[in-house]
Amino acid sequence: MVECAAQAPTGFLLPDRQPSDLNADMPSAKPWMLRIGGALLLAAGGAFAVAGLRTADKPVAVQQLVESVSTMGMDAQIQSLSNSSLHLFRSDTSRSSDTPDSMLTRLGVSDKAAADFLRANPLVRENLLGRAGRLLMAETDEDNHLLKLTARWATDSNSHFQRLVVEQNGQGFQARLETGDLKASVKLSGGLIQTSLFAATDDARIPDAIAMQLAEIFSGDIDFHRSLRKGDRFSVSYETLEADGEPLKSGKVLNAEFVNKGKPYQAMWFQASEDKPGGYYNLQGQSLKRAYLASPLAFSRVTSGFSMRFHPILQTWRAHLGVDYAAPKGTPVRNVGLGVVDSAGSMGGYGNAVVVKHNNGHTTLYAHMSKILVKRGQSVTQGQTIGLVGATGWATGPHLHFEFRVNGKHQDPLQLARQSETVPVPAHARERFHTLAQEAAQLLSIQAVAFANTNP
Ligand SMILES: [Zn+2]
């Protein structure tokens, strides 16, 4: 973690660019060749030296020298340019609908023999055609003939990836399947909320998986569906696994800070002992996992795109004593805390609804669902999907109506989630935790400064 601190500011200043990005920016080698040719042609016209110097007291004689310079002939120039064979690199991602022709066309390859090979080769058919999301890199000559095609993809392993290489060896194409080592590195990034979390993470080129982890990590403190404000900001460092220098998949968030309505929340991943899974803690050593999630809908690109409309029937939170989350029909509804299903079925205006009984006289209610996935008396864990969003009962459009009651009295779910007890780092690991927490605090403050400088 100390090593990455030194790199923190660059993470903000220079959006990382992969070699393939740079190559992709170069439309073709032809303009290059023309420019080089032009320079040589100019030189062929001869060399001029015009002396026009004069000093203050004495004019200097002006003399024009004309001297011819021998240059290569046109043919030789063209020959030498074509000998310095230009290789072009282009990258893209495979699509499930790809045919060899559409894939090669997207990669700027124009090569019938290559397309025929891809169509016929069993390794290619099995590992590339019909497979979406594989990183592609094509190397061509200046006539857009294929020299090498590489596809890279992740497997379940966090240490290895697969690489398929199709190469022109002079006589024809050959294909081989290889296993490569994934290299873990740490990325530092941050963003400012203008419209939504995903707009900000897109701007910062942060993968969706990391954006969703961020929302999940802080879900006990911030309801990302309804608490985000313009001007909120975040810093995050996360693992990324690279295949031959290309980010292939993201690992976990290591440190993060989220400033919501001016209040900073910090998180650090920590594993107290090897035999237990790690988790997120604030820098004071309290686990961020709470007895209740602040939101019954997982934060995703889909749910974040739905801003809540004015409640058509019961107009304010106070009036109808719940929170409404607009979301597409079928979005999973998750139980916010450990409990037992108290009722599950049709409940008048609530439509298909589930009531879960938790400890301490707490109950939660989930209404208007299109489908219920639990039964009365069933134990449910935190985060378990108990139904799907719908528009049953008094609902003019698909949304989830959510209530939290303490001994029958309605409470604001977010307040309750925040108040719920947290677990501290176990005593035996506290010293190690505090050392790491200091490093994390330093890293986050460097990031915050770097971010403020780039977003004045
Ligand atoms: Zn409602």
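Biologist: What share of the protein's residues count as buried?
Modeller: In this predicted model, 33% of the 456 residues count as buried. The cut-off is 20 or more other C-beta atoms within 10 Å of a residue's own.

Biologist: Why is W394 called partly exposed?
Modeller: W394 has 16 C-beta neighbours inside 10 Å. Buried needs 20 or more, and exposed needs 12 or fewer. The value falls in between, so W394 counts as partly exposed.

Biologist: Where does W394 lie?
Modeller: W394 sits in the loop between strand 20 (385–388) and strand 21 (399–406). The C-alpha atoms of W394 and Y350 are separated by 6.4 Å. Along the chain, these two residues are 44 apart.

Biologist: Which residues of helix 6 are buried?
Modeller: In helix 6 (residues 112–120), the buried residues are A114, F117 and L118.

Biologist: How do you know that they line one face of the helix?
Modeller: Look down the axis of helix 6. The buried residues fall within an arc of 100°, so they line one face. An α-helix has 3.6 residues a turn, so residues three or four places apart point the same way.

Biologist: What does the face turned away from the buried side of helix 6 carry?
Modeller: That face carries the exposed residues K112, A113, D116 and A120.

Biologist: What do the buried residues of helix 6 pack against?
Modeller: Their partners are two kinds of element. The helices are helix 5 (100–106) and helix 7 (122–127). The strands are strand 5 (146–154), strand 6 (160–168) and strand 7 (173–181).

Biologist: What is the strand order in the open sheet of five strands?
Modeller: The order is 8-9-10-11-12, with antiparallel pairing.

Biologist: What makes strand 8 and strand 12 stand at the edges?
Modeller: Strand 8 (183–192) and strand 12 (279–281) each have a single partner strand, so one side of each is left without a neighbour in the sheet. From one strand to the next, the twist averages 30°.

Biologist: How do you know that strand 11 and strand 12 pair?
Modeller: Pairing needs at least two bridges. Strand 11 (residues 263–270) and strand 12 have three bridges, in the antiparallel sense. W269 stands opposite Y280 in strand 12.

Biologist: Which helix lies across strand 9, strand 10, strand 11 and strand 12?
Modeller: Helix 9 (residues 208–217) does, running at about 35° to strand 10 (246–260).

Key:
Residues are numbered from 1 along each chain as its sequence is written. This is a predicted model: local features need pLDDT of at least 70, side-chain atom pairs count only at pLDDT 80 or more; totals for chains, interfaces and linings use all residues. Helices (H or I, at least four residues) and strands (E, at least two) are DSSP runs, numbered from the N terminus. The arc is that of the directions from the helix axis to the C-beta atoms. Two residues are in contact if their C-beta atoms, placed from the backbone, lie within 7 Å. Axes are lines fitted to C-alpha atoms, for helices over the stretch in contact, and angles run from 0 to 180 degrees between N-to-C directions.
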